[in-house]
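I opened the model today and looked up a few places in turn. My notes follow in the order in which I made them.

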Amino acid sequence: PGKKPRVPFDAMDVAVEKIASLVQPPLSTGEWKSEKKTFDGVCKQFLDAGDDELANYCGEVCFELADTVQGVSDKYSKSQGDTAKLEKVLAKKKRQLLDAMSRKEQCERSKQNIDGFQKYLESLDEEIIARHTAVRKAERDLDDAQWSLEELEKALAKQRGLVSDAEKLLTGSEETVREARAEFQAVTEDADKFIEQIGAAKNQLSEMREKLANMKNAVDTGLEIKKYVSTTALKMGYYVDVAVRQPVRAIGLVEETNVWDYFSEDVTTEQCSATFKHQLSDFHQYCTGPAMEAFEKIKNFVDLTPLCKLDEETKISGEGDTGVQTRIGLLTQDLAGVQSWLDPFKGTSMTMEKEQEKIELGEPEGLRQLMGVYGDIKFYQRYMKEWKMGRGLFHELLKQLVEKTKVLEGDVLTEEALLQKLKDALEVIVKKQEGAKAKLNTALADEEAAIEGKEELEKIMASLETDVANARSLFTDLEAVLAKAIQMFQRAKATLVSEHAAGKDGILAMSEMHMSVLDN
């Protein structure tokens, strides 16, 4: 016969319903909690179930009742209830807090960067205006010097004409007339040479003006290229920030995140570990106890004992803790690796302080933030990295602008030498004109000299005296104008060179401009 005593087939269902209604009032307050293993043991002892699971229904009844009571207990327990929902809410609130903090810091950085960028643009405008003003002043003064040379050239040409006219009127053969004519011929020749020297000075001034303009254009072009390089570098950084860093921040992994705040460094102390071990204990005791006994009794028909061949309970629980802790270690390592890409200097030894030092020396801003992502592409390898200070080619090319100033310095020295030659030549002409005038006066006083047009000669000499005085005045003006032109030229040259070499505040840097202000 079957198990004894004989009971109705729905007896188990009735028992389960009854026990559920009986335990709900005391367990629903949460003050009490049932433990399945303990309930099962007490039930079997109370019913005197014995060790033979097949002899009666007691073991089966106790198992079902224990399972039902455990379900009610878990539902209302305060001490070990399911906190997954609360944990999710807490995690969500933490993410929202981190996101708000991150956005606040980003807003503050963006405002600071925008303010810095505005100041940079204003300073850049001031530098451009200053450079433009200096060059324009030098160009105007050089033009003024050229005009003074032209006026002097015209005055000397007029004097030469008067001297030539006087020479033509001296047609006599007397000694005094021949000597006067010879003096006027010498004055004419010196005047021609002087006019040639004035032409050379004019050409030299034109060359200085052209070289100054060319240098200005070269500096301006270098500045524009540098601005393009800086802006391109920052745009490339912005590209990475939007495509890579912002999504990482959006999931709550920001620069300030400590990934270990979300994971346990010792999972054995966590409730989840205790819950697992509690369930494992129930399973292990049942499998190695009642289940194995039942399998042994039917082993001659089918061997089900492999279903419950388990290692020691402590070994299984230890391996479980180790597996979870190992996975936590790998995950935190991976998360920290992902988080490390929030650092724009990823893969380098560069820091904000070191980058700032490079910028101060003239390196384009943002260049050092490209290496981690773009370090292997040709555009970086063959072009962008050539802007590095101390290692790149382009800064050496820009330094050649400084060498150009030596050529301009030579132009200044040449112009000053020409001015001295003009001064010396003018003194020679004046002395010779005075000598020619004396010879002419002697010839005019010679009663034996048959000179036609004496009155006209006297008028020419009077005009010549006036023109000589005018030439002296013009040359004095020329000295002042040319000195001022050279001074303005030197200032313009110094402005252009300092604009090139000023580093952060000049052609070699575009400071205080960051990705946050480039999204337009």
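**Entry 1: a histidine**

I looked up histidine 284 and found it buried, with a relative accessible area of 11%. I use buried for under 20% relative accessible area, exposed for over 50% and partly exposed for what lies in between, with a 1.4 Å probe and protein chains only. The model is predicted, so I note that local features need pLDDT of at least 70, side-chain atom pairs count only at pLDDT 80 or more, and totals for chains, interfaces and linings use all residues. Residues are numbered from 1 along each chain as its sequence is written, and side-chain values use heavy atoms, with hydrogens and water left out.

Histidine 284 belongs to helix α6 (residues 271–297). Helices here are DSSP runs of H or I with at least four residues, strands are runs of E with at least two, and both are numbered from the N terminus. Which residues does histidine 284 contact, leaving aside its neighbours within four places in sequence? I listed Gly289, Leu310, Asp311, Glu312, Glu313 and Ile316; contact means heavy atoms within 4.5 Å.

**Entry 2: the whole chain**

I counted 12 helices and 0 strands in the chain. Of its 520 residues, 38% count as buried. Among contacts with a separation of 6 or more, 80% come from residues 24 or more positions apart. One such separation in sequence that I looked up is that of leucine 149 and isoleucine 198, which are 49 residues apart in sequence and 6.4 Å apart in space, C-alpha to C-alpha. Leucine 149 is in helix α4 (residues 84–169) and is buried, with a relative accessible area of 1%.

**Entry 3: helix α1**

I checked the length of helix α1 (residues 11–27). Its 17 residues should span 24 Å at 1.5 Å a residue, and its end C-alpha atoms are 24 Å apart, which agrees. The expected span is 1.5 Å times one less than the number of residues.

Which residues of α1 are buried? They are Met12, Ile19, Val23 and Leu27. Seen down the axis, these buried residues fall within an arc of 50 degrees, so they line one face of α1; the arc is that of the directions from the helix axis to the C-beta atoms. An α-helix has 3.6 residues a turn, so residues three or four places apart point the same way. What covers the buried residues of α1 includes α3 (58–76). On the face turned away from the buried side I noted the exposed residues Glu17, Lys18, Leu22 and Pro25.

**Entry 4: aromatic rings**

Rings of Phe, Tyr and Trp (its six-membered ring) pair if their centres lie within 6.5 Å; planes under 30 degrees apart count as stacked, over 60 as edge-to-face and the rest as tilted. By this rule I have 4 aromatic pairs. Phenylalanine 379 and tyrosine 383 are stacked, at 5.8 Å centre to centre and 15 degrees between the planes. Phenylalanine 379 is partly exposed at 39% relative accessibility, and tyrosine 383 is partly exposed at 29%.

The rings of tyrosine 383 and phenylalanine 394 have centres 5.1 Å apart and planes at 50 degrees, so I put this pair down as tilted. Tyrosine 383 lies in the loop between α10 (378–382) and α11 (394–445) and phenylalanine 394 in helix α11, so the pair ties together parts that are 11 residues apart in sequence. Phenylalanine 394 is buried, with a relative accessible area of 16%. Ring pairs link Phe379, Tyr383, Trp387 and Phe394 into a cluster.
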